[in-house]
Every structure is written in structure tokens, then in C-alpha cells.
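User: I would like to learn how to read a structure, one feature at a time. Could we go through it together?
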Amino acid sequence: MQTLADLVADARGRDGVLFSAPERTAPYSYGDFCTNVWKGGNLMRHYGVREGTRVAVVVGPKNPTDADEPGYLRDAPDALLAFLAATLDGAVVDMDPPDAVDATALVAPATWLECYELAPGTKALSYGGPIDDPTVAQFERELWSENPLAPPADVGPEDDALAAERTYTHGELLAASERVAADDDIDETTTVALRAPVTTAGALVAGLLAPMRVGATVLFGGDDDEPGDVAVAGEGRAVPEKRVIRASDVSV
């Protein structure tokens, strides 16, 4: 396993549930999610996402309320799908973009798009909504008609994938996911409650990549009455799980 594309291809063949959330009517299987990542990569290529380009992704629920803030998942993994899809195209993804976005594409909840100023040439893609702006592509709607095959990018382990505290390569993210799964005893029977903002390398590795590597289930949007086996949490946050991985402690 050399790149995130290998991780997605391997996980696509797994049985079982990848994502579960109280607000979802049905769990999200490994096969469905990874096929949609492939579709997302092909969709983004239509809008110019290629090797070495930049993509900004805003993490949030489909229809944010006043109580929601960027970074936290609640009801759907659209932002995680967009992250992986862009890296499969060879792009470098910023999961905590500034208000002024200079990138090939911005993927964000429809109701939050107005909070960002896009550079000329930046394509906006929304999830949730609806949205009336004809210049904005509706990520979920366009996804369904895309080719369900792996995007044709040529990406290696030394290529950059994530811009966060620094820039991380595919190889670094995968190596860290292997360490987290081993050190924290995450396997196919584990439910990982993702309670940290998904804006850092540590949160992505522990809350997404490590579970995907071993076939675990990721829970988001749950409360204290619905604990997982282990939590991925921000510094100082109290969680109901007895086992806790602090995102800031993950070595990448």
C-alpha cells in the first residue's frame, strides 16, 4: 500500500459499515463510499483538479445550523469523500481553508459558501443545500452520474496530499495510519467515534485513514449516550469513551 489510492481500492473490497451516524437513515458501507470516492475523483477532474493542484474542503454537515462550526462532522461524510477524491487526482487538499480561497476548487456546505471569497478560476462545489447559484456545481447530484472507476492519475508515495500544520505526503499519511491502528488496537471490530475537528493530519489519520486500513467503523454525530470503543478527540475535550486518541498526539 503506497498511496491513498491504494487505501481506497483495498477498502472498496471490504464488507461492512464504514460510517455510522444517528442522523443517517442507513449506515454507509465501505463499497459504496469507496466507489463514490472514485466517482468524486473523476468529477473533480472535469473542473481542472490534477496532479499538483490545490483543493480546499470545508468540513461540516449537509445543512449547518447556527450551532455548527466548520471542522465537525454530524450527518454525512461528504467532506471526507471530497478529501480522498482530490488526493486520488494528485491534488493537495487544505481541510481548514482561509476565508479567501485560492485553489482549483472549493468543496463546502451550500449554506457556508457565501462565507468564502473565491479567487478567479476557483470552482465552487456544494454539498447539502439546495443552492440556486448556477455557477456552483452540486457535488452530490453530479457525483451519481460519474464513472465508477479509479481516476487515471499517476500519484506516488512521495507526492503531497494534505496541507495542514505542514504539507504531508501520501506515504507519510499511510505510515501514520498503520502506526495508529497497531498502537491503539483498532481492527475490524472497533467503532471509532470521530469527535475532533477534521482539520489536522492527526484527526484525519486517526479518524479516517486508520479505520479504513483495518475495516473499522467510524461514528460521527453521536452524543454521550452513543459511545464508540475509542474516541478521536481534540485536546481537553471530555468524551464518553474510555479509550481516547488525542488528534494532536498522533505522530505523522
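User: Which residue just after α3 takes a positive phi?

Analyst: Some ground first. This is a predicted model, in which local features need pLDDT of at least 70, side-chain atom pairs count only at pLDDT 80 or more, and totals for chains, interfaces and linings use all residues. Residues are numbered from 1 along each chain as its sequence is written, and side-chain values use heavy atoms, with hydrogens and water left out. Helices (H or I, at least four residues) and strands (E, at least two) are DSSP runs, numbered from the N terminus. The residue you ask about is G90, with a phi of about 95°.

User: How many residues of helix α3 are buried?

Analyst: Buried means under 20% relative accessible area, exposed over 50%, and partly exposed in between (1.4 Å probe, protein chains only). Helix α3 spans residues 78-88, and eleven of its eleven residues are buried. Among them are D78, F83 and T87.

User: Is N42 buried or exposed?

Analyst: N42 has a relative accessible area of 12%, so it is buried. Its place is helix α2, residues 30-46.

User: Where is A163 found, and what is its relative accessibility?

Analyst: A163 belongs to strand β10, residues 160-163. At 10% relative accessibility, A163 is buried. From A163 to T200 the C-alpha distance is 8.7 Å, with a sequence separation of 37 residues.

User: In what order do the six strands of the open sheet run?

Analyst: Two strands pair if DSSP finds at least two bridges between them. Here the order is β2-β1-β13-β12-β14-β15, with mixed pairing. β2 (28-29) and β15 (243-246) are at the edges with a single partner strand each, so one side of each has no neighbour in the sheet. Strand β14 (residues 230-233) runs parallel to β15, and four bridges join the two. In one of these, A231 has V244 of β15 as its bridge partner.

User: Which residues gather in the patch of negative charge on the surface?

Analyst: Like charges are joined within 9 Å, and Asp and Glu count as negative. The patch consists of D183, D185, D187, E188 and D229. D187 sits in the loop between α5 (170-183) and β12 (191-194), and at 30% relative accessibility it counts as partly exposed.

Definitions and conventions:
Patch = residues over 30% accessible without salt bridge, like charges linked within 9 Å, V, L, I, M, F, W, Y side chains within 5 Å. Areas by Shrake-Rupley, 256 points an atom, 1.4 Å probe, with all protein chains shown as cover. Salt bridge = Lys/Arg side-chain N within 4 Å of Asp/Glu carboxyl O. Charge placed at Lys NZ, Arg CZ, Asp CG, Glu CD.
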